[in-house]
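Subject: The structure you asked about

Hello,

Here is the structure for you to open alongside this message. Have a look around first, and then read on for what turned up.

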Amino acid sequence: MLGISVYLKKDIMEQNAAWIEKAARYGLNSIFTSLHIPEDNPAEYKELLQELGSLAKKYQIELMADVSPRSLDYLGLDWVHYDELLHWGLSGIRADYGFTTQQIVELSHKMKIGINASTVSREELVAWQDAGLNTGNVEAWHNFYPRPETGLDKDFLLERNLMFRSFGITTMAFVPGDKDLRGPVYSGLPTLEKHRGQLPHIAAAELMGSCFTDKILVGDHSVTDEQLELLTLLGKKIIPLRIDSGSQEHSELLRKPLTNRMDPARDVIRAVESRSFASIREKQIPPSNQLERHRGTITIDNELYGRYAGELQIAINDLPQDEKVNCIGKVIHEDLPLLDEIKAGQKFQFIVRDRHGNRKA
């Protein structure tokens, strides 16, 4: 699941509505908002949260809000009427602090509930389970970190995510935007420090592929349309690879979803579909453009390789020139980290760009 973040300020609600409409159009299906932002005006929370809930219902998008018991005062609710939030259009709340075990358990039977993925202990989880926690409604939410140098380390996040998975609890983390970064620091809102300044789709692919993260939200105000397109493919479990292609000969193959073999090679990604695609063609593949294969080079085996002719590969490691292998394109530099996320059986799709860096139709 992929989603966005919006923030409850009256003067940006029109902008929020446009952002939600666009995200829904691209297939993103989750919204996060917070009632704990120091710069915001709590007196406006009820009206703005209800307005946000109406938008979530309109576009059939999940809405989760960061809510504490203190927030109830701002919203004009008490504990007995917490589930009134569902009527406002919320799907659930992120309960960071101030909740008792009994309240956590009770909420888990009424709505989705997010818990703090960094601070909840295994012992607490066991106690909540013993008290009747509905783990199917529980998500482990990591924070975002506005200040540079304060984001999480990847190993810590991975360790935590694996623990929650052992309890059957889904996990969530943030990636930064690449357009309108949120103040007051304007340094992106990632969960992992290594993702600060990275493109959203690169960060999201790593969280999904290497960190066992089930839900990923953009922490900042927005991302570019190109990023929405790339994130949409990720949401379909397809790794998007933007490429420069010097050849039109294999354009049909370069524009379809492909799959890495279930027995992945050390040095290359091998497209399962490519040899069957080549086998139905009458035309042979003559040798051409046999060059050194640097990491990210896209190749197709030519007729000199006999029964391997037609196999499309992407070099993971630098490889030498081979007269039996034609070079037909290159993954752009910014997307090279995505090669590490194309594991056994992983689908990927090339996004072919022209010499000006624009996507080809």
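Predicted model: local features only at pLDDT ≥ 70, side-chain atom pairs only at ≥ 80, totals over all residues.

Are they buried or exposed? Ser118 counts as buried because its relative accessibility is 17%, where the cut-off for buried is under 20%. Thr119 has a relative accessibility of 55%, so it counts as exposed; for that class the value has to be over 50%.

Their contacts are worth a look on screen. Leaving out residues up to four places away in sequence, Ser118 touches His142, Tyr145, Leu152, Phe156 and Arg160. With neighbours within four places set aside, Thr119 is in contact with Glu124 and Arg160. From Thr119 to Ala140 the C-alpha distance is 10.0 Å, and 21 residues separate the two in sequence.

Now to the barrel. Eight strands form a closed barrel in the order E1-E2-E3-E4-E5-E6-E7-E8, and the pairing is parallel. On average, neighbouring strands of this sheet are turned by 25° against each other, direction ignored. Helix H8 (residues 200-210) packs on the sheet, where it touches strand E7 (170-175) and E8. The direction of H8 makes about 160° with that of E7.

Which residues line the largest cavity? They are Leu2, Gly3, Leu28, Val175, Ile216, Leu217, Val218 and Leu231. By class, seven of the lining residues are nonpolar, one is polar and none is charged. Strand E1 (2-5) and strand E8 (215-218) each supply at least two residues of this lining, and E8 gives the largest share, with three residues.

Leu231 from that lining is also among the buried residues of helix H9 (residues 225-235). The buried residues of H9 are Gln227, Leu228, Leu230, Leu231, Thr232, Leu233 and Leu234. They pack against E1, helix H1 (13-25), H8, E8, strand E9 (238-245) and strand E15 (347-353). After H9 comes Lys237, which has a positive phi, near 65°.

Pro287 counts as partly exposed because its relative accessibility is 34%. Not counting residues up to four places away in sequence, Pro287 touches Asn302, Glu303, Leu304, Glu323 and Asn326. Pro287 and Asn326 are 39 residues apart along the chain, and their C-alpha atoms are separated by 6.3 Å.

Happy browsing, and do write back with any questions.

Best wishes

Key. Residues numbered from 1 in each chain as written. Heavy atoms only, no water. 1 Å grid on protein atoms, 1.4 Å probe; cavity = no way out; pocket = protein on both sides within 12 Å on 5 of 7 lines; lining within 4 Å. Helix = DSSP H or I, 4+ residues; strand = E, 2+ residues; numbered from the N terminus. Nonpolar A, V, L, I, M, F, W, Y, C, P; charged D, E, K, R; others polar. Pairing = 2+ DSSP bridges. Axes fitted to C-alpha atoms, helices over the stretch in contact; angles between N-to-C directions. Contact = heavy atoms within 4.5 Å. Buried < 20%, exposed > 50% of the residue type's maximum accessible area, 1.4 Å probe, protein only.
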